[in-house]
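This report describes a single structure in short sections. Please look through the sequence and the model before reading on.

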Amino acid sequence: MTIAQKEWTKSSWHHYPALQQPNWPDPEEYRAALGTLCQLPPLVFAGEIRKLKKMLAKAAVGEAFLLQGGDCAEDFSHCTAPGIRESLKVILQMAIILTYAGGKPVIKVGRIAGQYAKPRSADTEMVNGIEIPSYRGDMVNSPEPTLAARRPDPQRMVKGYYLAAATMNILRAFTRGGYAALHRVHAWNNEFVKRSPMGQSYERLAKHISQAIDFMRVIGLDTDTPQINQADFYTSHEALLLGYEEAMTRQDSTAGGWYDCSAHMLWIGDRTRQVDGAHVEFFRGVLNPLGMKVGPSYDIDDIKRILDRLNPENEPGRMTLITRFGAKKIAQYLPPLLQAISRAGHQVVWSCDPMHGNTYTAASGHKTRNFDEIMEEIRCFFEIHWAEGTNPGGVHFELTGEDVTECTGGGRNILDHHLQENYLTNCDPRLNAEQSLELAFQIAELIRS
Ligand code: PEP
Ligand code: CO
């Protein structure tokens with residue numbers, strides 16, 4: 001019997017090797033935490049998940065554009081109203097730039113409300129001569145470099161659930177309760193960005209939008225509609241901790257299928273996408289839209305087998321392939337992948353993660369990425385898709401609304417020696433609000449052409 005014919009249950013992944021799982025020191029504690037999670041309400045609903053999948057089906061054929069972004073790793077201590085609002089604002093701003101200047105509906109998906117678990121290249125690290133477990137995200141352990149802080153604690157999954165719920169709650173209030181209304185487009189501009197050239201370009205665009213809405217009102221068109229007063233905003237995270245994802249998986253009471261209700265969209269990381277691995281087994285049975293990261297180590301036949309397994313009906317909107325090759329390697333790795341997947345007839349959304357293939361260590365010792373290389377990978381992504389006749393359907397960023405100095409370059413030309421000024425990330429370096437807007441303006445031009 002092939003795997004595809006074997007029965008799927010939300011626990012069938014236990015029979016397959018699961019990479020990147022923490023070594024939970026106490027199995028009893030682990031089981032108890034999962035037992036608690038199983039009883040708690042879902043964070044998102046099947047109807048919302050289906051709506052996102054329909055939108056992604058449009059991105060697959062070039063009728064919409066996916067904007068996915070947020071922290072590399074969300075930090076428990078940053079679950080505050082201002083923190084969440086700033087992340088939301090920058091994504092709303094980027095989306096409005098892409099919609100208005102790019103001329104396509106934009107699907108807004110945050111790396112938010114659950115992006116708490118990280119894959120790592122090594123299980124342990126040496127700190128002052130002592131070997132301690134690696135930091136694996138706030139849902140597993142704490143970043144402080146001590147043995148006690150790094151001990152995986154399953155109660156952190158429960159805490160992560162509650163913080164994801166709190167984040168979700170305020171996101172729903174912001175996006176449904178008027179904050180994301182288009183006539184507030186000026187209010188999304190940050191004080192520290194406003195005076196920059198990017199902030200000013202944004203102000204000009206916001207003015208055009210306000211004028212268009214005023215005009216509609218003057219001629220008697222109804223502007224009191226959800227299209228104007230609300231935003232559809234979806235959540236996503238790397239679905240790494242399969243115990244947690246299983247506990248959040250519920251059967252839809254109306255249509256009967258299984259949904260992972262920890263987020264609307266889940267993605268499988270570049271390190272855990274083994275065709276016979278536990279992650280692929282788990283995700284073949286849930287109906288959420290799925291992302292999968294694809295880096296330079298891919299094997300084409302493997303990717304095809306995974307797509308067959310995860311999307312046997314070739315449903316559009318089900319799969320988003322998020323390529324992350326780096327500016328220097330994309331020309332070598334993307335074209336053969338596009339050709340093979342198109343030839344095999346798979347319908348996917350192609351998205352570009354220009355962050356993870358462009359990481360380097362600055363002279364100051366900080367892990368960073370350069371604005372121009374990020375933009376270069378995106379430009380190549382569009383050009384290669386145009387040349388191959390496929391659709392550049394989206395982008396995937398690590399970003400924050402805060403005024404951080406984690407990536408170099410951009411309008412303010414952050415240099416290596418500036419990185420220490422406000423380097424806050426626990427994991428990978430993020431674009432700040434100004435750099436994010438600048439990218440959005442440049443991407444809008446590519447979408448339009
Ligand atoms: C990430 O998105 O933070 C990540 C770890 O990516 P990848 O799986 O592409 O390395
Ligand atoms: Co990252």
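This is a predicted model: local features need pLDDT of at least 70, side-chain atom pairs count only at pLDDT 80 or more; totals for chains, interfaces and linings use all residues.

## The barrel

Strands β9, β10 and β11 belong to a closed barrel of eight strands, in the order β1-β2-β5-β8-β9-β10-β11-β14, and the pairing is parallel. On average, neighbouring strands of this sheet are turned by 25° against each other, direction ignored. Strands of a sheet pair through backbone hydrogen bonds, and the pairing may be parallel or antiparallel.

One pair can be followed in detail. Strand β2 (residues 106–111) pairs with strand β5 (residues 233–238) in the parallel sense, over four bridges. Gly110 has Thr235 in β5 as its bridge partner.

In soluble globular proteins, nonpolar side chains tend to be buried together. Here the largest nonpolar core has 116 residues, and the members that touch the most others are Met157, Phe283, Ile378, Phe397 and Ile443. Helix α3 (residues 81–102) supplies the largest share of this core, with 10 residues.

A second core is separate and has 11 residues, including Ala60, Ala64, Val109 and Tyr234.

## Asp71

Asp71 is found in the loop between β1 (65–70) and α3. Is this residue buried or exposed? Asp71 has a relative accessible area of 14% and therefore counts as buried, since the limit is under 20%.

The side chain of Asp71 makes a polar contact of 2.8 Å with the side chain of Arg430. Apart from neighbours within four places in sequence, Asp71 is in contact with Arg111, Gln115, Leu399, Thr400 and Arg430.

## The cobalt ion

Which residues coordinate the cobalt ion (ligand 2)? They are Cys72 through SG, His356 through NE2, Glu398 through OE and Asp428 through OD, at 2.1 to 2.4 Å. Along the chain, these donors follow the spacing C-x283-H-x41-E-x29-D.

His356 lies in the loop between β11 and β12 (360–361), while Asp428 lies in the loop between β14 (392–398) and α13 (433–448). The two residues are 72 residues apart in sequence, so the pair ties together separate parts of the chain. His356 is buried because its relative accessibility is 18%, and Asp428 is buried because its relative accessibility is 9%.

Note on methods: Residues are numbered from 1 along each chain as its sequence is written. Chains are lettered from A and ligands numbered from 1 in the order in which they are written. Side-chain values use heavy atoms; hydrogens and water are left out. Two strands pair if DSSP finds at least two bridges between them. Axes are lines fitted to C-alpha atoms, for helices over the stretch in contact, and angles run from 0 to 180 degrees between N-to-C directions. A nonpolar core is a set of buried Ala, Val, Leu, Ile, Met, Phe, Trp, Tyr and Cys residues joined through side-chain atoms within 4.5 Å. Buried means under 20% relative accessible area, exposed over 50%, partly exposed in between (1.4 Å probe, protein chains only). A polar contact is a pair of N or O atoms within 3.5 Å; within protein, one must be able to donate a hydrogen and the other to accept it, and residues adjacent in sequence count only if both atoms are side-chain atoms. Contact means heavy atoms within 4.5 Å. Donors are N, O and S atoms within 2.8 Å of the metal (3.2 Å for Na, K and Ca); water is not among the atoms, so sites may look incomplete.
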